[in-house]
Amino acid sequence: MALSIFTMTCLLLTHGAGSNRNAPLLVALANTFAEHGIEVSRYDLPFRQDRPHGPPRPNDAARDREGLREQITKLRSKHSGQIWLGGHSYGGRQSSMLAAEAPGLVDRLMLFSYPLHPPGKPQQLRTAHFPKLTAPVLFVHGSRDPFGTLDELKSAIALIPAPVRLLEIEGAGHDLGRDREAVAARIAAAFLEFDGQQHQPDPK
């Protein structure tokens, strides 16, 4: 295992609407970041703790964010280093909304396949909180994601005043592809190299 400058860092990962903490992508990410000496916690959102199957209901979102807040507070009590928060799709949306509601709660964000709008409804953007984000953000997005094109996402992230980086996964859909280990390695490399500059381009 390589020596990491992030030894005291903890990463909290959460899942999408149809999944749970054992989603293959989250497991691959946890293993990859652990190789860099980062402690990783995978978290089931409250709606999933209540129901093993099925999507969240409209009134679940606020409680899911509160569950995330409580989990982060617990991690803060145990760790003196940075706390990073990452989420896939619905989990990423709730993570980003929580970070906008509570500046300083987390030190960095990773948003995988951010659901910019419902498929086929580009006018219903989910970006009202973007101007309130103050933590650096890495977006990871597939070029064939029906929840938002890369061009749409690039326009949306211009609303964010914090440092932003976009990692494009060519040919991938909302699940970011089946080669989770390779994608996880790309995500970890991009995130760990993220130096906080404004709106960095996708690394080639």
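The radius of gyration I use here is taken over C-alpha atoms, and the globule rule is 2.2 Å times the number of residues to the power 0.38. A reminder to myself before going on: this is a predicted model.

**Entry 1: overall form**

I began with the whole chain. With 204 residues, a compact globule would have a radius of gyration near 17 Å, and the protein chain has 16 Å, so the two agree. I then looked up the extent of the C-alpha trace, which spans about 45 × 40 × 35 Å along its principal axes. Buried residues make up 54% of the 204 residues. The chain exposes about 9,400 Å², and carbon and sulfur atoms supply 52% of that area. I also checked contacts with a separation of 6 or more: residues 24 or more positions apart account for 74% of them.

**Entry 2: the order of elements**

How many helices and strands does the protein chain have? I found six helices and six strands. Reading along the sequence, I wrote down the pattern β-α-β-α-α-β-α-β-β-α-β-α.

**Entry 3: strand β3**

Next I went to β3, residues 83-88. Is the strand largely enclosed or left open by the rest of the structure? Six of its six residues are buried, so β3 is largely enclosed. I sorted the residues by direction: Ile83, Leu85 and Gly87 point one way, while Trp84, Gly86 and His88 point the other way.

Then I looked for the partners of β3. Strand β1 (residues 10-14) pairs with β3 in the parallel sense over five bridges, and cysteine 10 has isoleucine 83 as its bridge partner in β3. Strand β4 (residues 108-112) also runs parallel to β3, joined to it by five bridges. Here tryptophan 84 stands opposite arginine 108 in β4. To get from β3 to β4, the chain passes through helix α4 (residues 90-101), and this β-α-β crossover is right-handed.

**Entry 4: the nonpolar cores**

I turned to the packing. The largest nonpolar core has 34 residues, and those with the most contacts inside it are Ile72, Val106, Leu133, Phe139 and Ile160. Which elements give two or more residues to this core? They are β1, α3, β3, α4, β4, β5 (137-142), α5 (150-157) and β6 (164-169).

Leaving aside neighbours within four places in sequence, leucine 133 is in contact with Ser96, Ala99, Ala100, Leu109, Ile160, Pro161 and Ala162. I also noted a second, separate core of 25 residues, which includes Leu11, Ile38, Ile169 and Val183.

Glutamine 71 is found in helix α3 (residues 61-78). At 18% relative accessibility, glutamine 71 counts as buried. With neighbours within four places in sequence left aside, its contacts are Leu12, Ser41 and Tyr43.

Histidine 79 has its place in the loop between α3 and β3. Buried or exposed? Histidine 79 has 14% relative accessibility, so I put it down as buried. Not counting residues up to four places away in sequence, histidine 79 touches Met8, Cys10 and Glu39. Cys10 was already in my notes, as the bridge partner of isoleucine 83 in β3.

Definitions and conventions. Residues numbered from 1 in each chain as written. Predicted model: local features only at pLDDT ≥ 70, side-chain atom pairs only at ≥ 80, totals over all residues. Heavy atoms only, no water. Buried < 20%, exposed > 50% of the residue type's maximum accessible area, 1.4 Å probe, protein only. Helix = DSSP H or I, 4+ residues; strand = E, 2+ residues; numbered from the N terminus. Pairing = 2+ DSSP bridges. Right-handed = clockwise from strand over helix to strand, strands pointing away. Contact = heavy atoms within 4.5 Å. Areas by Shrake-Rupley, 256 points an atom, 1.4 Å probe, with all protein chains shown as cover. Core = buried A, V, L, I, M, F, W, Y, C linked by side-chain atoms within 4.5 Å.
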